[in-house]
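Hello,

My notes follow below it.

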Amino acid sequence: MTITFLSDFGLQDDFVGTCHGVIKRIAPGTDVIDITHGIEPQQILQGALVLASTLPYMPEGVHLAVVDPGVGTDRKALTGAWELDNPAYRLEPVSRTFHGRDLFAPAAAHLAAGVDPAELGPPLEPDALVRIDVPAATIGVGFVLAHVLIVDRFGNVQLNLTTDDLARLGIEPGTRVEVEIGLQRFYAYAASTFADVRVGDVVLYEDAYGNVAIAINAGNAAEMLAARPGDTVTITVRARA
Amino acid sequence: MTITFLSDFGLQDDFVGTCHGVIKRIAPGTDVIDITHGIEPQQILQGALVLASTLPYMPEGVHLAVVDPGVGTDRKALTGAWELDNPAYRLEPVSRTFHGRDLFAPAAAHLAAGVDPAELGPPLEPDALVRIDVPAATIGVGFVLAHVLIVDRFGNVQLNLTTDDLARLGIEPGTRVEVEIGLQRFYAYAASTFADVRVGDVVLYEDAYGNVAIAINAGNAAEMLAARPGDTVTITVRARA
Amino acid sequence: MTITFLSDFGLQDDFVGTCHGVIKRIAPGTDVIDITHGIEPQQILQGALVLASTLPYMPEGVHLAVVDPGVGTDRKALTGAWELDNPAYRLEPVSRTFHGRDLFAPAAAHLAAGVDPAELGPPLEPDALVRIDVPAATIGVGFVLAHVLIVDRFGNVQLNLTTDDLARLGIEPGTRVEVEIGLQRFYAYAASTFADVRVGDVVLYEDAYGNVAIAINAGNAAEMLAARPGDTVTITVRARA
C-alpha cells in the first residue's frame, strides 16, 4: 500500500522523518511518497492546490496532507470525513503541537495496514467541513485581474487563470499583452511554452497543471517581477498603436 | 530491515543520495528512513539531541548518524561501541573526506544485511567514548537561565528546559513571565500550547519532544527574537505590580 | 529494480514527488533513489558531473537524470541513445513544460518494469548526441589556471583538476602555494585532507570524488573566497623568499 505525504514541514527539521518512522512502525511494508514538504508554513490554500494538482499522478492509496495552523485547538482531525477520535489509532500521549506525528501519520499508517476508516472515529457531515475559497479571477472588458497562486523554484508564477479565461479575452498564442504586477508593468506574449519566445521575453503560457503562468524564457520571472503568492496581476490586451 | 539516517549533509548536494546508493548496493532490500539531513554543518550537539528525540519514533533497525567535523583525522569510527576497522566492510579506497559514503553507510548496510557487529571491528570500552556536554540550565530564585538548543522551520525556539524546571519556579500554564534574549525583553505567557494565547503573543510551552519552547501564536518567534542555537535566555517570574 | 533520479527540480515544489508518483503508478515495486535534486536550475554541466561521479556508487538499474533548459523545444528526448517517441510509454497529453513527469519518469518506470529500450523509440547515432565541454585546466610553468566546478554545502570548492595535474607542477602534500580567485589572493597548503592543516588554513586536497578541491579547515572556503561555479582559479607554486 502507498501513502502519499504532503506538508508544510520543510526538510530542515526532523518532522517529516519522524512521521516516516511512525508510519513504518505501524505499517512496515508501506511505501511512502513525499509529494512535497515545501508548502509555505501554514499556507492551507497552497497545500490544497498542490494536493489537487498532484493527486492525479499518484498511485491509489492513503493520502496524508498536513498543513495545520490550528494544531492544538479544537479543530477536528479528519481523514476524508471521519473524525480521528479513537485513541487506539493514535500515539499516546498526543502532543499539543505535532499532530502530524501523533494523530495523522498513525491514522494514515493504520489505513494503509487495512483498518476500516470507520474504525478511526465517527463520520462527519460534508457540510461540517470548512471549505477554502480559491480566489477567483475577474474578467473585464479587455483585461483580467488575477492572483498569484504559487511561485516555483524556476521563478514561474502560477495564476488562478486558465487558457479558456484568456481565450474569452481573445488572448491566444502569439497575442501581445500588458502585465501589471505591483507597480511594475511589462509587455508579454501569450505562447504555448516559454521556448516559443525569445530569451529574456516575458511569456504567458499554460503550465503543466493546466493553469496560466508567467515565465521569462531562460530567466526568473518571480524575481524580476518581485511576484509573491497572493499578489494581484492585471493582464490587458494591448491596444494596437 | 530498516536503516534510519541522520546527518548534516543537507539535500543540496549528492551526499545523502550517494550513501543511499551505497546502502542499496550492499543491502538491496533495506528500507532507509531519512530522519533529517538538516543538522547545521558539524553541529554534533544538535545532531545528538535530534537523534535522541526522534529514535523513540523509529522502527527497530540500524541507526546511521553522521555529523563528523573530525573526518580525516584519527578519531575512531564506531557503531555502538565497535571500532570500524575491518576493511572487508568498507568501500576501498576509503576517502579522507567522505566517510559517510566509504565507512559508515557500508557498515550500516552490512549490519542491516545481518552481519554481526563484532565482525566490523574490536569492541570499545564505553569509557573510551567522547561524551557531549548538553548545556545545563541554571535555576535561580525567581528566574532561570537557559540556552537555545534548536530553532525550527516555524520559528519555534527549543530550550534546554523542561516544564518540571518551570514548575520549580512556580511557572505553570497561565503564569506571566519575562523573557530576555540578547538585548531584547518580552512578556510571555506559559501555556499548554501556542493556540492558548492570543495571536501575536509570545508563549512558553512544552513542545512535542518534551522540551520547553518559545513560540509566537501565528508568528515566527526565532525571527522576532533573533534567536539562534547557543543563545542565552533568561526567564523571570514577573513581579506583581 | 532500482531507478536513480537526479534533477535540478529542487525539493521546494512538487516536481520530484510527482515524478515519484508517476513512476510508482507504472512500476509499483520500483525502488527510487534520489541522488540529488539540488543541481542549480538548468546547469547541465553540473548535472553531468554529479551524475558521473555518483553513478559508480549506485545499484544497477535505470538512471533518470533531468536538467532540461530545452523543455518544450524540439530537442530530442533520449534514454541512453533511444529517442522517446512511442506515445504508449508517455503520459498523454504531454505538457510543454514538465517532460520529467510526462516523458522521462514514465520511460524510466517502463524500463524498470522490463520494457525493452528499443520499444521506446528509434535508436540514435551516438554522433547525433550533443556533447558537453568540460572546461579544461591550463597548466603553465609554475602555475595552473583552473575553474570552479561545484561548491558544496560545507563550502568546499571543487576544481577541474586532479592531483596528477598538481604533481606535474611539483605540488604535493606539504607544498605551499598561492591561490588567486577573483581579486583575492591566499596562501594555501596542499594536503591529503583538510584535517592535516591548522584550523582556519586554506588547503588544496583531493576530494572524495577524485578532484582537487579548496577547503578551509573548520571553515567555509566558498564563502571566504566568494567562489562560484565557473570562476577562474590560479594556483601558483610559491617562490622561495
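**Contacts between chain A and chain B**

There are two salt bridges between chain A and chain B. One of the residue pairs that meet in a salt bridge is A:Arg96 with B:Asp196, whose side chains come to 3.4 Å, N to O. Before going further, please note that this is a predicted model.

Polar contacts were counted as well: 14 residue pairs of chain A and chain B are in polar contact, with both residues at pLDDT 80 or more. On the side of chain A that touches chain B, the elements that give two or more residues are α1 (15-26) and α3 (99-112) of chain A. Of these, α1(A) provides the largest share, eight residues. By residue type, that side of chain A divides into ten nonpolar, 13 polar and nine charged residues.

For the interface as a whole, 32 residues of chain A are in contact with 26 residues of chain B. The two chains bury about 2300 Å² between them, and 57% of this is on carbon and sulfur atoms.

**Cis peptide bonds**

In chain A, the peptide bond that joins A:Glu92 and A:Pro93 is cis, with omega about -5°. A:Pro93 sits in the loop between β5 (82-83) and α3 of chain A.

In chain B, a cis peptide bond runs from B:Glu92 to B:Pro93, and its omega is near -5°. The loop that holds B:Pro93 is the one between β5 (82-83) and α3 (99-112) of chain B.

**Positive phi in chain C**

C:Gln42 is not glycine, yet its phi is positive, near 70°. The residue is found in the loop between β2 (31-36) and α2 (44-54) of chain C.

C:Ala226 belongs to the loop between α6 (221-225) and β13 (232-237) of chain C. With a relative accessible area of 52%, C:Ala226 is exposed, since that class begins over 50%.

That is the end of my notes.

Regards

Terms used:
Residues numbered from 1 in each chain as written. Chains lettered and ligands numbered in written order. Heavy atoms only, no water. Contact = heavy atoms within 4.5 Å. Buried area = accessible area lost by both parts, 1.4 Å probe. Salt bridge = Lys/Arg side-chain N within 4 Å of Asp/Glu carboxyl O. Polar contact = N/O pair within 3.5 Å; in protein donor to acceptor, adjacent residues only side chain to side chain. Helix = DSSP H or I, 4+ residues; strand = E, 2+ residues; numbered from the N terminus. Nonpolar A, V, L, I, M, F, W, Y, C, P; charged D, E, K, R; others polar. Buried < 20%, exposed > 50% of the residue type's maximum accessible area, 1.4 Å probe, protein only.
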